[in-house]
Amino acid sequence: MRFMMLMIPKGYEKAAPGTVPDAKAVKAMMKYNEALQKAGVLLTLDGLHPPSMGARVSFAGGKPKVTDGPFAEAKEVIGGYWMIEVKSRDEAIEWAKRCPASEHEVIEIRPVQEMSDFPPDVQKAAEGFEAMQKAAREGRQ
Amino acid sequence: MIDAVSVGMMATDTHRAIEAVFRIEQAKLIAGLTRMVRDVGVAEELAQDALVAALEQWPKSGMPEKPGAWLMAAAKHRAIDLFRRNKLAGRKHAELGYELEIEQETPPDLDEALDDHVGDDLLRLIFISCHPILSPAARATLTLRLLGGLTTEEIARAFLVPEPTIQQRIVRAKRALSESRVPFEVPRGEELAARLSSVLSVIYLIFNEGYSATAGDDWMRPQLCEEALRLGRILAELAHEEPEVHGLVALMEIQASRLETRTSPSGEPILLLDQNRARWDQLLIRRGLAALERADTLAPESGRASGPYALQAAIAACHARARTAEETDWARIVGLYGSLGEIAPSPIVELNRAVALAMLFGPEAGLEIIDGLTAEPMLKTYHLLPSVRGDLLKKLGRLGEARAEFERAAGLTRNERERKLLLDRAAICAD
C-alpha cells in the first residue's frame, strides 16, 4: 500500500521567498530519509518552496483566476512529502512517528488511491478504453 | 472518563502499533541476534520472545522512545537467560554467553552500536537465508519469513501450499543451516558471485510467484511482488556496488509498473502490447530506469559486461519507453535477447527473441526459429511455446493450425484465467 506523508510546518504559510531549513535540521532529516530508503519503503520525496514563491489558480464561476502567493487565507501549507510503500496504515504511522520533526510541524498520512478503490463505473470506463485500444490494434494487423 | 470500549480500542490500537514496529524491526533484530548466537533459528525465537515481551509491557508502560533498541535489549536479556540455563545444546555456551555479557555491559549508545552493525548483519542474514545448501523453495520461504516478516500462513497462501508444509520447510531449513554450521558471513572473492546470484534468483522467484501465478485461479499476488521489490531495494542499499543487484531492481520496478494493467476489471489477463500504457506506473518506471542506469554504469567500471538481470531490465525498459506499442524498438530488443542468449543460453530466451524478430520482420521470421524449438525437451510442457506459435500462425492466416496450438497451450497452463484466454483465442480461430 502506498501512502503520502505530507509535512505541514506551521508558519510556512507566511515564510518569505527562499526560506530553507537550516543545516542541522536538514542533516537530521537526511538520516531519517536514509532510514526509509534502507528499509526499502521510500519511493520518492520532495521538499517544496514556500507559498510566497507559488501561485494559486481558483475557479470561482468556472473561470480560472490566478493569485500570487503568499495566500492570506491559508492556515496550513505543505512543506514537502514522502511517498512510501508499506504493508499497512499502522506501518505508515510508525514511520511517521520516527521523523525528527520539530514541535511546530505536523505530518499528515494519506493513503494513495488505487484503481481498485474506484467504484465499478469508473473501472468500467477504463475497461472500455482497453477494449478500444485492442480493437484499434487488431484492425491495423 | 475512559469507558471499557475505549480501553479495548486502545489495547487493539497498541497491539497494531506493536505489530507495525515489529514489521519494521524484525529483520534487523534477527540479523543482530544471529551474529551474537550464531544460530538463525535461535535468533528468530529470541526475536519472537522480545515481541511477546513488548505485547505484555507496552500496553501498560506505553511505547518506548526507541522501540528497536528496546526489542533488542529484551531479546539479549532472554538470550543471556538461555545461555545461563545452558539450554542451547552443542555450542560453546560459556564463550558466547561471555560475549553477550560484555556487549550488554557496554551500551554507550545502543542505537549507534546497532547502526554500525545493522547493514552488515542484514546482508549476512540475506546470504544465509539464500544459502545453496537449501532447496530454492526453502530459500524463498526462509527469506520471506526472516527478512520479509511474513507469517507462515501468509507464505502458505502466497505459494498455494498447506501451512504445515511451510512450517516444516522453515523448521528443516533452520535445522539444516544449524547442523551444517553455515557461517554467518558475507562471502568474499570468487564465492561472492555465485552466492549473490543465488540471492538474486530467490528474490526474483518471489517476485515472479506474485507476478505470474503459475497455478490456481489467482492471476497475481501483488503482495509478493511488493515484498520482493522491498527486498531488492534493501539489497541495493546494502550491496550498492554490485551492478546485477541494480539490474534486478530495475527489472522488477519496470515489470511492477504494469501490475495494474495486466488484468481487466473482470480479471482477464491483458498482454503487454494490448495494455493501457497511460496506466503504467510512471513512478516505478522512473525508478526502474534510474536503477538500470546505475547497473549500466557500474558494470563497465568493474570490468564486467551487463549481466542477465540488467539485460532483461534493458528489454523491459524498451517497452517502458515506447509511448505506444507501435513505437517499440524491436531491433534493439532482438539485439538484447541475442546478448542474453550468449551469456545465459536458454530456449525460453530464444523463444522471446523469435517473438521480437516476428514483430520486426513479420511472423515468418519468428516461426522459423520457433519451429526449431519444438523439439526442445525444456519446452515440452511450456505453454507459451504453442501459445506464441498459435499467434504467429493466426497472423499468417493458418487458422486451423493456430487453433490446435492454442488448445494445446490451454492444456498445458496451470493458470485458470490463462487457460480461459487461450481457449477463447482457439475459438476465434474456429469462427
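Q: What percentage of the 141 residues in chain A is buried?
A: In this predicted model, a residue counts as buried when its relative accessible area is under 20%. Of the 141 residues in chain A, those that are buried make up 33%.

Q: Which pattern of helices and strands does chain A follow along the sequence?
A: Chain A holds three helices and six strands. Read along the sequence, these elements of chain A give the pattern β-α-β-β-β-β-α-β-α.

Q: Which strands are the edge strands of the open sheet in chain A?
A: The open sheet of chain A is formed by four strands with antiparallel pairing, in the order S2-S5-S1-S6. An edge strand here pairs on one side only, and in chain A this applies to strand S2 (42-47) and strand S6 (105-111).

Q: Which residue in S6(A) is the bridge partner of A:Met5?
A: Strand S1 (residues 2-9) of chain A runs antiparallel to S6(A), and seven bridges join the two. Within S6(A), the bridge partner of A:Met5 is A:Ile109.

Q: At what angle to S5(A) does helix H1 of chain A run?
A: Helix H1 (residues 23-38) of chain A lies across S1, S2 and strand S5 (80-85) of that chain. Relative to S5(A), the helix runs at about 20°.

Q: Why does B:Ile80 count as buried?
A: B:Ile80 lies in helix H3 (residues 67-84) of chain B. Buried means a relative accessible area under 20%, and B:Ile80 therefore counts as buried because its relative accessibility is 7%.

Notes
Residues numbered from 1 in each chain as written. Chains lettered and ligands numbered in written order. Predicted model: local features only at pLDDT ≥ 70, side-chain atom pairs only at ≥ 80, totals over all residues. Heavy atoms only, no water. Buried < 20%, exposed > 50% of the residue type's maximum accessible area, 1.4 Å probe, protein only. Pairing = 2+ DSSP bridges. Contact = heavy atoms within 4.5 Å. Axes fitted to C-alpha atoms, helices over the stretch in contact; angles between N-to-C directions.
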